[in-house]
Amino acid sequence: MTLRIEDYALIGDLQTAALVGTDGSIDWLCLPRFDSAACFAAILGSKDNGHWRLAPKGADLCSSRRYLDDSLVLETVWSTRTGSVKVIDFMPQRDEAPDVTRIVEGISGSVEMEGVLRLRFDYGSVVPWMRRADGHRVAIAGPDSVWLRSEPQVKTWGQQFSTVSSFTVAAGEKVAFVLTWHPSHRQRPECVDPYEALETSLRDWREWAARCRTAPGSPYREPVVRSLITLKALTYGPTGGIVAAPTTSLPEELGGVRNWDYRFCWLRDSTLTLDALLDAGYQEEASAWRDWLLRAVAGDPADLQIMYGLAGERRLPETVLPWLRGYAGSAPVRTGNAAVEQLQLDVYGEVMDSLFLAKEAGLPAQQHAWYLQLSLLGFLESKWREPDEGLWEVRGPRRHFVHSKVMAWVAADRAVRTLESDTSLRGDAGRWRAMRDEVHREVCEKGFDPKRNTFTQYYGSEELDAATLLIPRVGFLPPDDPRVIGTVDAVRDGLGTLGGLVRRYSTEGAAVDGLPGQEGAFLACSFWLADALRMTGRVKEGRELFERLLTLRNDVGLLAEEYDPVAGRQLGNFPQAFSHIALVTTALALGREEEAG
C-alpha cells in the first residue's frame, strides 16, 4: 500500500531529515546531509529500496500520532487487542555523527513488536554487507557504514537481505533503538544515550519555540510555531542555508513527470524567509540565512544562480535514477536540478530586497555587502530588458515575465531607499531612480491588460500568473490601486480551483512551462491570495481563505508544495518551506490586522 504524502511526518537534526509514515516505517532518509544519497528510498520505489519499520505485529496504520509539545519529536501510538504501545522517533542534534533514535514504550497490556530494517545505500540501489560487532548490527557498502544497536539488547536476525527483530513490551517497559551513520573508513563514533538525547532534544526544541513572538493567545500561534519549527528543521545548521524541501521527486501530478529535486537553497525564498524569521523574532536564524546568501552569491554577477547547494555549491547536475519507479508510479525520479542553469532575473530583486530587509531590521552589518549589491545592480541594469525563464523555472521558451520585471524594479527601488537612508554609502541614487522609473513605466505599459484590468503573466500574453499577487506586497503599486484590485480578482477567478485555492499559472493547452500534464493548486500562492485580499481591504475573505488553508495541513501540521482539491490530497515535495513561509507571513499579517482592530 502506498501511503499518501500527507501520511508522513518529519524528524531531523538540522543537517538532514527523515520521513516517518503512519505505518511506522521510515521511508526516506539521506545521510549524512539533506542532499546526500538516500539509504531509505521506499517512498520513491518499494520497500526493497530501503526502509525501517517498527510496529506491532500484524498492525497496519497507527491509531494516532503527534509531535510532543513544540518539538520535532514524534510520538506514534498503536492500540491493539492485547494492549497499546507508543514509538518515539527523533534525530538528536548531532555532535559528530547522525543518529536516528526510536524508543518503544508499552502503555497498557502487552504488545508484540516487529522490526524490519532494510538498508539500501545510493538511493535504494546498493545492498550492504551485514555483520555483527560489539552487540551491534553493522552495514557497510563503499563509503557508508551504519550501526544499529538496541537497549536492552533485542534479538535480531537476517532475512531476505534485511535485519528483522521481534520482542514484546508490557506497560512501562521500554526498548530503544539507535541507528548511527559514519564514513566507513573511520572509527565508529561514541554511542549516544537515547534517553538522555530525548530529554535534551525536547528541552532544546521547547526553548527554541518559546522565542516565537506570536502572542500566546493568538488563534494562529500553533500553526505558526509548527511552521517555524519545520523551517528550522529544513535549515542546514553548519551554513544556515534552508532547503526548499528534504525530498526529491514527490510528484506535482500523480503518475506525471513534474518531479523535481528540492534539496537545495533557492534565492527566490530569501526575502519571504527573512521576513518570516524576523517577524517571528528569530534574528539569529535570519542572520545565518543572510550570511549564507552573501557567501552564495559572491562572485561575478553574471554567474548568479537561482539556487545553490547547502554550503553554496554551484554544480547541481540533474540525473535520472531509472531503478526507482517513482512515488505512485510517477517517473522519472531525479536528483540535481537543471533549472540551476536558467536565467531568472527576479533573483536579483530577491537578493536586493533581502539585504535591504536585513539592514532595516538591524542585523549586524557586513562591510562588503553593499559593494556586492552595487555589482549585482550594475549587471541587472544592462540585463533587465531581456526575456528569462521566470520565477516558476519554465522549461519552455524565455519570455518577458511580468514578475521578473517587477523584481527588477524592486532591486532598483531598494538601492534608492538604501542610499536615501544611509548617506555614508557610495552610490548614484539618481541612476537607480531612473532605472526604477523606466522599469515601472514599461511594466505598466506592456504587462497590464486594460481591457481585463489585470497584469498578465508576460508581455503580450492573456495568461495569468499568481506571482502578480505580490505586486502590492513588494510596493510596486499600492494595495488600493484599481490595477492591483483587478489583478487579485482576475487571479482568483482565472486560476481558482475548488475551495478557493489557486494554481500558479495555467497548464492547459500549450502550457507556458513546456511540460506535459497538470499540477495541483499551489499552496504558497493560495496564501498569497489570502494576504492580497487582506491588503486590498477584504480582510474577512482573506481570513476565511487562510483558515481553509489551515485545514489542508496533515495531522501533525505539515504542508507539501501543492494540493489536489478534487482528490483531497497533498502533492509535491514534502514538507515544503515555501508553503510554510507563506503560512507564517500571512498569519502574522492577519494577526496585526486583528490587533489594529
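Predicted model: local features only at pLDDT ≥ 70, side-chain atom pairs only at ≥ 80, totals over all residues.

Biologist: How do you know that the length of helix α14 agrees with its number of residues?

Modeller: At 1.5 Å a residue, the 20 residues of α14 should span 28 Å, and its end C-alpha atoms lie 29 Å apart, so the two values agree.

Biologist: What makes you call α14 mostly covered?

Modeller: A residue is buried when its relative accessible area is under 20%. In α14, 15 of the 20 residues are buried. For the protein chain, buried residues make up 63% of the 597 residues.

Biologist: Why is the protein chain called as compact as a globular protein of its length?

Modeller: The chain contains 14 helices and 26 strands. Its radius of gyration is 25 Å, close to the 25 Å that the globule rule gives for 597 residues, and therefore the chain is as compact as a globular protein of that length. Along the principal axes, its C-alpha trace spans about 75 × 45 × 45 Å. Of the contacts between residues at least 6 apart in sequence, 66% join residues at least 24 apart.

Biologist: Why is Ser249 called buried, while Asp122 is called partly exposed?

Modeller: Ser249 has 0% relative accessibility and therefore counts as buried, the cut-off being under 20%. Asp122 has 37%, a value in between that cut-off and the 50% over which a residue is exposed; Asp122 therefore counts as partly exposed.

Biologist: What makes the phi values of these two residues worth noting?

Modeller: Most residues other than glycine have a negative phi. Phi of Asp122, in helix α1 (residues 121-124), is positive, near 55 degrees. Ser249, in the loop between β17 (241-242) and β18 (265-266), is not a glycine either, yet has a positive phi of about 65 degrees.

Biologist: Which peptide bonds are cis, and what omega values do they have?

Modeller: Most peptide bonds are trans. Among the cis bonds is the one joining Ala331 and Pro332, with omega about 5 degrees; Pro332 is placed in the loop between β20 (319-320) and β21 (334-335). The bond from Phe574 to Pro575 is also cis, with omega near -20 degrees. Pro575 lies in the loop between β26 (569-571) and α14, the helix with which we began.

Note on methods: Residues numbered from 1 in each chain as written. Heavy atoms only, no water. Helix = DSSP H or I, 4+ residues; strand = E, 2+ residues; numbered from the N terminus. Expected span 1.5 Å × (residues − 1). Buried < 20%, exposed > 50% of the residue type's maximum accessible area, 1.4 Å probe, protein only. Rg over C-alpha atoms; globule rule 2.2 N^0.38 Å. Contact = heavy atoms within 4.5 Å.
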